Amino acid sequence: MITSRKSKSIGLFSGGLDSLLATKLVTEQGVQAVALHFRLPFLSPARPTKEDKLRSLAELVGASFVPVDVGDDYLMAVKTPQHGYARNMAPCIDCIVYMLGKAKELAREISADFLFTGEVVGQRSHCQNKRSLKLIEKVAGIDGRLLRPLSAKLLEPTVPELTGLLRRERLLDIKGRGRRRQIRLAHEFGIIDYAAPTGGCLLTDQNYASKVRDAIDNQQLDMQDIGLLQLGRHFRLDSGAKVVVGRNERENRRLEQLVVDGDLVCRPKEVMGPMVILRGRELADSDPETAARICARYSDSAEDREVLVACSGGDVRVKPVSAEELEKWRVRPQVEEEEEKEEDES
Ligand code: SF4
């Protein structure tokens with residue numbers, strides 16, 4: 001007796017509208033889908049990333065939800081992208097190829113028939129033009145087995161379409177940045193609770209990107225440094241060490257949680273002032289005092305008064321740094337942002 005097994009697929013799943021619809025288009029044709037959600041380190045904290053919510057969204061469109069942690073190998077894509085940056089420091093093509101590489105490994109394990117994504121032809125100029133979509137498929141090593149259900153009819157038929165696992169006529173031909181068709185389709189599918197598209201991950205933000213660039217240039221971008229990038233004012237001392245200054249009590253509390261072995265921490269003792277972290281591979285002898293003086297500068301004390309600062313190495317009484325010194329060390333946006341603003345649900 002011949003038994004037919006149900007077709008299996010794996011989709012990249014951000015929980016945004018395009019990935020929800022892509023998943024639904026696959027599962028409504030009777031194909032099992034795994035919604036693979038990557039816990040990318042540069043996603044904005046403002047995103048609705050709560051996983052129970054993402055899980056229920058995946059289930060709503062008929063998929064099983066699988067979250068995936070990323071490691072230092074993901075950071076290589078950010079440090080040295082093989083296909084350049086899309087906007088500011090966002091290495092979109094390498095990022096997608098990375099995720100597809102992991103999806104491919106899982107596909108082997110569970111004998112999935114194909115992979116799919118919510119990419120839409122022409123939605124983002126750098127990585128979603130037809131040439132880039134083809135390139136991604138090729139570099140990820142999944143020629144013919146990568147389906148983009150939302151734009152499938154605009155692309156060459158894939159293996160699951162050619163072999164009858166999926167009916168091509170039930171896939172779509174959406175292109176461009178508009179979202180009208182997706183919103184209408186979501187309504188038809190009864191999908192109402194989805195995240196609004198954002199401008200991409202934090203790497204697309206110019207200010208954030210400048211801190212990432214600075215961290216890369218100073219060999220200080222690893223998983224434990226990433227948390228600091230979202231917080232505070234950043235200064236790079238002549239030795240290469242970094243000083244991060246909390247901008248308010250909320251940031252001060254978060255910085256406290258991010259202190260690691262080897263960090264020097266400062267806080268004013270007699271007046272209100274910020275939490276300051278000094279972090280570096282090799283500190284110059286003057287760095288601890290400079291960090292204390294930066295801390296004094298942002299305290300509530302008068303500009304040129306000495307301030308008592310509690311540092312990890314003991315209390316010190318220091319004069320605040322001058323405005324000129326401070327500006328010399330400040331990490332500023334250096335990366336030109338591309339003119340265009342693109343919508344991105346990643
Ligand atoms: S914007 Fe999206 S695709 Fe581009 S690097 Fe960030 S998470 Fe990856």
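K134 and E137 lie three residues apart in helix α5, so about one helical turn separates them. The two side chains form a salt bridge in this predicted model. Their closest N and O atoms are 3.6 Å apart. E137, at 8%, is buried.

Helix α5 spans residues 130-139, and its buried residues are S132, L133, I136 and E137. These residues sit on the same side of α5, because they cover an arc of only 140 degrees around the axis. R131 and K138 are exposed on the other side of the helix. The buried residues pack against two elements. One is α4, residues 92-110. The other is β5, residues 146-147.

Both ends of α5 show local features. At the start of the helix, N129 directs a side-chain oxygen towards R131. This oxygen comes to within 3.1 Å of the backbone nitrogen of R131. Just after the helix comes G141, with a positive phi of about 75 degrees.

Side chains of opposite charge can pair when their charged atoms come close. The model contains 24 salt bridges. One of them joins R148 and E119, with an N to O distance of 2.8 Å. R148 is in the loop between β5 and α6 (159-162), and E119 is in the loop between β4 (114-116) and α5, so the pair ties together parts that are 29 residues apart in sequence. R148 and E119 are both buried.

A further salt bridge links the side chains of E256 and R267, at 3.8 Å from N to O. E256 lies in helix α10 (residues 249-257) and R267 in strand β8 (residues 264-268), so this pair ties together parts that are 11 residues apart in sequence. E256 has a relative accessibility of 46% and therefore counts as partly exposed. R267 also counts as partly exposed, at 22%.

Which residues do salt bridges with shared partners join into one network? They are E119, K134, E137 and R148. The network thus includes K134 and E137 of helix α5. It also includes the buried pair R148 and E119.

Definitions and conventions:
Residues are numbered from 1 along each chain as its sequence is written. This is a predicted model: local features need pLDDT of at least 70, side-chain atom pairs count only at pLDDT 80 or more; totals for chains, interfaces and linings use all residues. Side-chain values use heavy atoms; hydrogens and water are left out. Buried means under 20% relative accessible area, exposed over 50%, partly exposed in between (1.4 Å probe, protein chains only). Helices (H or I, at least four residues) and strands (E, at least two) are DSSP runs, numbered from the N terminus. The arc is that of the directions from the helix axis to the C-beta atoms. Contact means heavy atoms within 4.5 Å. A polar contact is a pair of N or O atoms within 3.5 Å; within protein, one must be able to donate a hydrogen and the other to accept it, and residues adjacent in sequence count only if both atoms are side-chain atoms. A salt bridge is a side-chain nitrogen of Lys or Arg within 4 Å of a carboxyl oxygen of Asp or Glu.
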